[in-house]
Amino acid sequence: PKSLPPARAPWGPGRSLRLRRKMSTEIELGRVHMTVKVGDDKVEYKPKEGVMSSTYPVFEFDKAEWDTHVGKAQDGMVITYEVVSSSETTSTGGEGAVPEGGFKHPHTKCKIKEVAVPLDPKRL
C-alpha cells in the first residue's frame with residue numbers, strides 16, 4: 001500500500017511546513033473511532049479531535065463517495081484526494097489559554113481519488 005513520505009524539509013528556506021502540508025493531496029487516517037464523523041450527506045475527518053492544538057483541520061467528503069471508495073474507515077488508510085474548496089476560520093472562545101491570533105479551523109472539501117488500505121499483519 002501507499003504510505004506518506006517522511007517528514008523532511010526539501011522545499012528550502014522561506015517556505016513553511018504549513019505551506020507544504022496544504023499542497024499535499026494525501027492524508028493518513030488515524031484514531032478513526034474519534035476522528036471520523038459520518039453524517040447523512042457528508043463524512044468529516046478531524047485529525048486533531050480530542051488533542052490540544054492551535055489548529056483544528058477538518059476534511060469533508062461526500063458520503064456516497066466515501067461509501068464507494070472507503071467503506072468502513074480503518075487506522076492507517078491513506079486517502080488521495082483533490083481539493084474541491086478550502087477555507088479557514090479563527091475562533092478565540094473556549095476554556096483555558098487561547099493561542100495568539102486564536103484557534104485556526106482550516107476546512108477542506110475533498111474529492112476522493114484513491115484509497116490505500118493498510119496490510120493486515122495477521123495475513124502475512
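Which side chain does lysine 46 meet in a salt bridge? Select glutamate 44: its side chain and that of lysine 46 pair up at 3.6 Å, N to O. A salt bridge here is a side-chain nitrogen of Lys or Arg within 4 Å of a carboxyl oxygen of Asp or Glu.

Before moving on, some ground rules. This is a predicted model, where local features need pLDDT of at least 70, side-chain atom pairs count only at pLDDT 80 or more, and totals for chains, interfaces and linings use all residues. Residues are numbered from 1 along each chain as its sequence is written, and side-chain values use heavy atoms, with hydrogens and water left out.

Glutamate 44 is buried at 14% relative accessible area (buried is under 20%, exposed over 50%, partly exposed in between; 1.4 Å probe, protein chains only). Lysine 42, at 33%, is partly exposed, and so is lysine 46, at 24%.

Next, pick Phe61. Beyond its neighbours within four places in sequence, Phe61 is in contact (heavy atoms within 4.5 Å) with residues including Lys42, Tyr45, Trp66 and Ile79. Phe61 also belongs to the largest nonpolar core, which has 16 residues; such a core is a set of buried Ala, Val, Leu, Ile, Met, Phe, Trp, Tyr and Cys residues joined through side-chain atoms within 4.5 Å.

Last stop: aspartate 67 and lysine 63, a salt bridge at 2.9 Å between the closest N and O atoms. Aspartate 67 is partly exposed, at 42%.
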